[in-house]
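Subject: Handover of a structure, with notes

Dear colleague,

I am passing this structure on to you, together with my notes on what was found in it. Please read the notes with the coordinates open beside them.

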Amino acid sequence: MRKAFKYRLYPNQTTRKQLSFVLARCRELYNAALSERKDAYQLHQRTMVQVHPETGTAVAATMSANLRVRKVNYYEQKRDLVEIKQMREEYQQIASHVLQDVLLRLSRAFDAFFRRVTNGETPGFPRFQGRNRYDSFTYPDGAGWKLTVEEQGKKLKGTLYLTHIGESTITLHRPIEGKINTVTIKREVDEWYVIFSCEVAAPEKLPISSEEVGIDLGVTHLATLSNGEMIEHPRYYRKAKKTLEKRQQALSRKKKGSHRRERARQLIGKAHRKIARQRRDFHHKQSRKLVERYQMIVFEDIRMANLTRRPKPKQDETTGQYLPNGAAAKGGLNTSMLDAGWGAFVGMCICKAAWAGRTLVKVNPQFTSQMCSGCGQVRKKDLSERWHSCECGTELDRDVNAAINILARGKQVLARKEPTRATA
Ligand SMILES: [Zn+2]
């Protein structure tokens, strides 16, 4: 099983400079390789669609014969690295495997792009990476780095040596387990981190629990459980969000390209980092609690839920253009912020459940808040209606009602999938 360990790096001045240098070269390589692929792709597209005006036959064959459209893929680009290294001496000092990993990342981005195209979606073409976007590089194996760890009193102190870059100290707030597979160096605004991805032995499974739970994810509460318990959004979250908004406003007042603007942008990055960190800690804690307590956890499928939750954009009746719609825009923004949170939270639950031998099910969220958990009757409810009250006598909080429906749906799904287990 894979497990990641992330620590803050404390590089000295020289190492810090080198880290930035390598990261910049990796980004440069990524963008250059992307550009090459983009050209090849466009050329290919052009050759695909053109048809001879008189004969009606495709010109593609002639064109590709003339232009010799080169098939650009990971292996092609990897082969070119040797040449790049010969031409550009600044690349000579960078570990080959690190550069290969850059190309592999690009390759994965393209694979994902083509997969989505094949699925009939319209994904965005892989993007060029700006300085603030491309923030990490990876050693995919044991070459190019070395880690030593020593005990200092109660603390574990590590030193990470990177060939041609330098050394950094690490304080290991928790020990690394298992065998290290890959090492990723990541920049977060003005701080550096290292992430060790390790192969670890599967843990002891938790004792079987008799409790089951359905979970409704929401805006008012992070989660509402089918037994009526709630997980609130952390209080500090709102405060951090306010800071972020203030800083974003400050940024918009700064002149483009100015030093002040750059500083304001850094402050925003820091605010984002703080929110992300707090949220991650909180989600880890809550997901651990859920997995420890419940044998089966049922969530609604968030991707499906998004389709139903987002306010529909308003369209102009005559022109068909989309109108600026305050509520829709705001709703979209809010949900997109929460979405990120929900996805990560569910992801952590899935991961921990797999470790602990728990069952996690995702169900279609349709009508879960409209349907009565007592009698099954569906009745349209406004988003503002917080209470579920039914003729059958069921009186419940709206979200608890939904959570009960989610649990019931999860049980149905499991019963269909594993009839033997359901009766056991
Ligand atoms: Zn009812």
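Predicted model: local features only at pLDDT ≥ 70, side-chain atom pairs only at ≥ 80, totals over all residues.

Residues are numbered from 1 along each chain as its sequence is written, and side-chain values use heavy atoms, with hydrogens and water left out.

The chain as a whole

The protein chain contains ten helices and 14 strands, where helices (H or I, at least four residues) and strands (E, at least two) are DSSP runs numbered from the N terminus. Of its 424 residues, 38% are buried; buried means under 20% relative accessible area, exposed means over 50%, and partly exposed lies in between, with a 1.4 Å probe and protein chains only. The accessible surface of the chain comes to about 25,800 Å², and carbon and sulfur atoms hold 52% of that area, as computed by the Shrake-Rupley method with a 1.4 Å probe, where for residues only the protein chains shown count as cover. Among the contacts in the chain with a separation of 6 or more, 65% are between residues 24 or more positions apart, a contact being heavy atoms within 4.5 Å.

The metal site

Which residues coordinate the zinc ion? The donors are the SG atoms of Cys372, Cys375, Cys390 and Cys392, at 2.2 to 2.3 Å; donors are N, O and S atoms within 2.8 Å of the metal (3.2 Å for Na, K and Ca), and water is not among the atoms, so sites may look incomplete. In sequence these donor residues follow the spacing C-x2-C-x14-C-x1-C. Cys375 sits in the loop between strand S12 (359-363) and strand S13 (387-389), and Cys392 in the loop between S13 and strand S14 (395-397), so this pair ties together parts that are 17 residues apart in sequence. The arrangement is tetrahedral because the four donor atoms subtend angles of 107 to 111 degrees around the zinc ion, the criterion for four donors being that all angles lie between 85 and 135 degrees. For reference, the ideal angle for four tetrahedral donors is 109.5 degrees. Cys375 is partly exposed, with a relative accessible area of 40%, and Cys392 is also partly exposed, at 41%.

The salt bridges

The whole structure holds 20 salt bridges, each defined as a side-chain nitrogen of Lys or Arg within 4 Å of a carboxyl oxygen of Asp or Glu. One of them joins Lys3 and Glu177, whose closest N and O atoms are 3.6 Å apart. Lys3 belongs to strand S1 (residues 2-11) and Glu177 to the loop between strand S5 (166-172) and strand S6 (179-188), so the pair ties together parts that are 174 residues apart in sequence. Another salt bridge is formed by Glu188 and Lys6, at 2.6 Å from N to O, and this pair links distant parts of the chain, with Glu188 in strand S6 and Lys6 in strand S1, 182 residues apart. Glu188 counts as buried, at 13% relative accessibility, whereas Lys6 is partly exposed, at 25%.

Asp190 pairs with Lys270 in a salt bridge, the closest N and O atoms being 3.4 Å apart. Asp190 lies in the loop between S6 and strand S7 (191-199) and Lys270 in helix H6 (residues 259-293), so the pair ties together parts that are 80 residues apart in sequence. Asp190 and Lys270 are also part of a network of salt bridges that links them with Arg8, Glu191, Arg273 and Arg277.

Single residues

Gln278 is found in helix H6 and is buried, with a relative accessible area of 19%. Leaving aside neighbours within four places in sequence, Gln278 is in contact with Tyr236 and Ala240.

Leu147 lies in strand S3 (residues 145-152), and its C-alpha atom is separated by 4.6 Å from that of Leu160, 13 residues apart along the chain. Beyond its neighbours within four places in sequence, Leu147 is in contact with residues including Leu160, Ile170 and Phe196.

Notes. Tetrahedral: all angles 85-135°; square planar, octahedral: opposite > 155°, others 65-115°.
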